[in-house]
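Dear colleague,

Please find the structure below, handed over for your study. My notes on what was found in it follow directly after.

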Amino acid sequence: MQFGVFSVSDITTDPTTGRTPTEHERIQAIVAIAKKAEEVGLDVFALGEHHNPPFFSSSPTTTLAYIAAQTERIILSTATTLITTNDPVKIAEDFAMLQHLAGGRVDLMMGRGNTGPVYPWFGQDIRNGIALAVENYALLHRLWREDVVDWEGKFRTPLRSFTSTPRPLDGVPPFVWHGSIRSPQIAEQAAYYGDGFFHNNIFWNIEHTAQMVALYRQRFEHYGHGRADQAIVGLGGQAYMHKNSQQAVREFRPYFDVAPVYGHGPSLEEFTAATPLTVGSPQQVIDRYASMREHVGDYQRQLFLIAHAGLPLGTVLDQLEILGGEVVPALRKEFATGRPAHVPEAPTHASLVAAAGGSRDATVYAEGDDVTGASPDASRAPESVATP
């Protein structure tokens with residue numbers, strides 16, 4: 001079971017001080033948060049992608065590469081990568097490069113995002129959202145697994161004898177989670193490929209979450225990837241903690257009331273009753289999240305939204321101390337109890353390499369060709385060299 005935190009990269013005024021951080025301050029803060037997440041023993045740090053104010057994370061691979069250079073263990077992910085408006089060729093290149101730089105500590109979450117205007121900004125039509133997600137990922141999946149790709153689709157120019165470089169580290173692509181909150185087509189896509197399904201359920205009741213996860217599990221088994229309870233599932237989450245639960249509510253309420261994502265809507269009490277947001281003592285958070293598997297089965301990844309809504313960096317770091325020091329150790333113990341032996345752990349680069357039969361040099365060796373840009377014929381490419 002992996003535990004971690006994610007950020008949507010919002011720049012929000014602190015309602016208790018009236019101060020709004022600069023982009024530079026938020027970017028530096030997110031690096032500090034990622035480093036603190038590793039320090040307190042968390043497994044994953046994930047960063048969203050947005051291309052408009054009030055968000056700063058337009059280039060998550062750049063940020064994650066910088067974080068990778070300053071960390072040693074934590075897995076770096078996205079939350080999410082926009083498969084609909086990014087060119088799948090560029091995604092293949094960027095994440096393979098990040099994979100090499102981070103020593104394999106990389107995976108990514110695919111999604112359509114929640115900002116409608118992003119589609120025309122990148123020359124696309126939101127009405128093609130699902131079709132773009134399906135077609136673009138089909139190409140990305142091939143680019144990481146085939147040395148030479150010929151491809152033609154509806155939404156981008158064709159590829160002829162194209163090789164994406166660098167090739168994936170050890171010959172194994174990064175693991176992919178398909179993120180969704182409401183689209184059964186995305187659950188179907190994750191199941192079809194045998195990838196992970198991440199239900200970012202921070203705005204949804206547990207009944208909806210259970211239905212989406214159940215659909216993915218059923219279709220995972222249908223496509224022959226294993227039993228339904230062996231499907232790879234991740235959930236979103238949200239918490240604010242204090243040793244005194246009433247104090248936690250008093251501290252968090254002003255941030256909740258004006259937060260861009262849910263402020264000026266339901267009350268804090270209504271929202272916490274209907275969604276996974278838990279504001280209270282560490283034990284209340286432990287109890288709430290320990291009960292998740294009663295609804296979705298044993299799952300592999302739990303991420304918490306913790307750096308948002310204008311919360312100052314010092315407060316976020318304190319929250320990480322509680323999460324890593326009290327909540328996650330208790331949840332690890334709870335989730336390990338009664339977990340069937342056949343239910344897989346969350347995939348890592350090491351486990352994927354082992355499943356592939358070991359690491360290999362996937363480099364495509366070819367003569368330089370700046371005129372046509374052609375890749376070598378795959379049938380004449382040299383055999384891969386085993387890595388000791």
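The protein exposes about 16,900 Å², of which carbon and sulfur atoms supply 53%; accessible areas come from the Shrake-Rupley method with a 1.4 Å probe, and for residues only the protein chains shown count as cover. Please note that this is a predicted model, in which local features need pLDDT of at least 70 and side-chain atom pairs count only at pLDDT 80 or more, while totals for chains, interfaces and linings use all residues. Residues are numbered from 1 along each chain as its sequence is written, and side-chain values use heavy atoms, with hydrogens and water left out.

Of the 388 residues, 51% count as buried (buried means under 20% relative accessible area, exposed over 50%, and partly exposed in between, with a 1.4 Å probe and protein chains only). The radius of gyration is 21 Å, which agrees with the value near 21 Å for a compact globule of 388 residues; this radius is taken over C-alpha atoms, and the globule rule is 2.2 Å times the number of residues to the power 0.38. The C-alpha trace spans about 70 × 45 × 40 Å along its principal axes.

The protein has 13 helices and 15 strands. Helices (H or I, at least four residues) and strands (E, at least two) are DSSP runs, numbered from the N terminus.

Which strands pair with β8? Two strands pair if DSSP finds at least two bridges between them. Strand β5 (residues 107-111) runs parallel to β8 and is joined to it by four bridges; here Met109 has Trp177 as its bridge partner. Strand β9 (residues 196-199) is likewise parallel to β8, with four bridges, and Ser180 is partnered by His199. Together with helix α6 (residues 184-193), β8 and β9 make a right-handed β-α-β unit: with the strands pointing away from the viewer, the path from the first strand over the helix to the second runs clockwise.

The loop between β1 (2-7) and α1 holds Thr12, which is buried at 7% relative accessible area. The side chain of Thr12 makes a polar contact with that of Asp10 at 2.6 Å (a polar contact is a pair of N or O atoms within 3.5 Å; within protein, one must be able to donate a hydrogen and the other to accept it, and residues adjacent in sequence count only if both atoms are side-chain atoms). Ser9 is in the loop between β1 and α1 as well, and is buried with a relative accessible area of 0%.

Finally, some backbone features. Most residues other than glycine have a negative phi, and most peptide bonds are trans. Ser9, not a glycine, has a positive phi of about 70°. Ser161 in strand β7 has a positive phi of about 50°. A cis peptide bond joins Pro53 and Pro54, with omega about 10°, and another joins Thr165 and Pro166, with omega about -5°.

Yours sincerely
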